[in-house]
Amino acid sequence: MTPPDSKSIYARGADCGLWLGLCFIAMFVLAAASMRMPLLNIGVIGIAVYVPVLSYRFLRRTHVDAHGLTTFSALWMQGIVMFACGALLLGAAAYLYMKVVEPNFISNVVKFGIEYYSSAGTPEADAVADEFRKIVEHNRLPRTGDVVLMYIWATVFSGSILSMLLAVIARARRVPLPKQDTNNIFR
């Protein structure tokens with residue numbers, strides 16, 4: 001068994017991706033439930049704010065564990081792997097949700113969009129509502145797999161950009177020197 005600080009960037013990214021994936025799943029479930037209970041959107045926003053904080057902590061911990069010697073590209077790669085692993089977990093959960101728990105999820109979202117834009121009362125909003133109506137009338141709703149792939153790609157892409165910024169920030173702060181044991185220097 002290797003010590004935790006000697007894990008590769010990819011292993012660290014996969015481990016951290018599990019936690020990000022759980023955050024993404026919670027965010028998806030709260031967002032889906034918020035169609036019935038709009039107050040749950042506060043939880044969605046809270047998790048969305050927490051994801052960059054958590055991601056920074058993961059990258060910073062890696063940098064500190066390496067005594068400040070981690071390169072920018074290594075931290076960025078860890079972030080990309082974190083978001084990719086998290087996105088795969090999100091995709092699996094979203095697919096199961098849309099197939100098993102709420103098979104009409106996509107059509108319900110489009111119907112919700114029609115109601116929302118119809119009630120807005122502006123010409124632009126009415127045009128969007130008409131487009132949504134045409135999608136439903138012509139049976140052009142996206143397939144579940146297409147929606148899930150969109151979630152995965154959007155998560156990986158935005159996560160890679162966020163990881164780039166967080167890698168810079170994680171390396172910007174100075175790493176404290178390890179404490180020396182002065183009692184026994186020959187240990």
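## Two pockets

A pocket, as used here, is an open set of grid points where a 1.4 Å probe fits, with protein on both sides within 12 Å along at least five of seven lines; a lining residue has an atom within 4 Å of a point. The model is predicted.

## The second largest pocket

By that definition, the lining of the second largest pocket consists of Phe105, Ile106, Val109, Val110, Gly113, Phe132, Ile135, Pro142, Val147, Met150 and Tyr151. Its volume is about 210 Å³.

Three helices each give at least two lining residues: H4 (105–120), H5 (123–137) and H6. H4 has the largest share, with five residues. The lining holds 10 nonpolar residues and one polar residue. No charged residue takes part.

## The largest pocket

The largest pocket has a volume of about 270 Å³. Its lining counts 14 residues. Nearest the centre lie Phe24, Met27, Leu90, Thr155 and Ser158.

Four helices each supply at least two residues of this lining: H1 (9–33), H2 (41–65), H3 (72–101) and H6 (144–172). H6 provides the largest share, six residues. By class, the lining splits into 11 nonpolar and three polar residues. Charged residues are absent from it.

## Cysteines without a disulfide

A disulfide is a covalent bond between the sulfur atoms of two cysteines. The whole structure has zero disulfides.

The cut-off for a disulfide is 2.5 Å between sulfur atoms.

Cys16 counts as buried because its relative accessibility is 5%. Cys23 is at 14%, so it counts as buried too. The limit for buried is under 20%.

Tyr56 sits in helix H2. Is Tyr56 buried or exposed? Its relative accessibility is 18%, so Tyr56 counts as buried.

Which residues does Tyr56 touch, leaving out those up to four places away in sequence? They are Leu166, Ile169, Ala170 and Arg173. The C-alpha atoms of Tyr56 and Leu165 are separated by 9.4 Å, although the two residues are 109 residues apart along the chain.

Technical notes: Residues numbered from 1 in each chain as written. Predicted model: local features only at pLDDT ≥ 70, side-chain atom pairs only at ≥ 80, totals over all residues. Heavy atoms only, no water. 1 Å grid on protein atoms, 1.4 Å probe; cavity = no way out; pocket = protein on both sides within 12 Å on 5 of 7 lines; lining within 4 Å. Points joined across faces, edges and corners; volume = space filled by probe spheres on them. Nonpolar A, V, L, I, M, F, W, Y, C, P; charged D, E, K, R; others polar. Buried < 20%, exposed > 50% of the residue type's maximum accessible area, 1.4 Å probe, protein only. Contact = heavy atoms within 4.5 Å.
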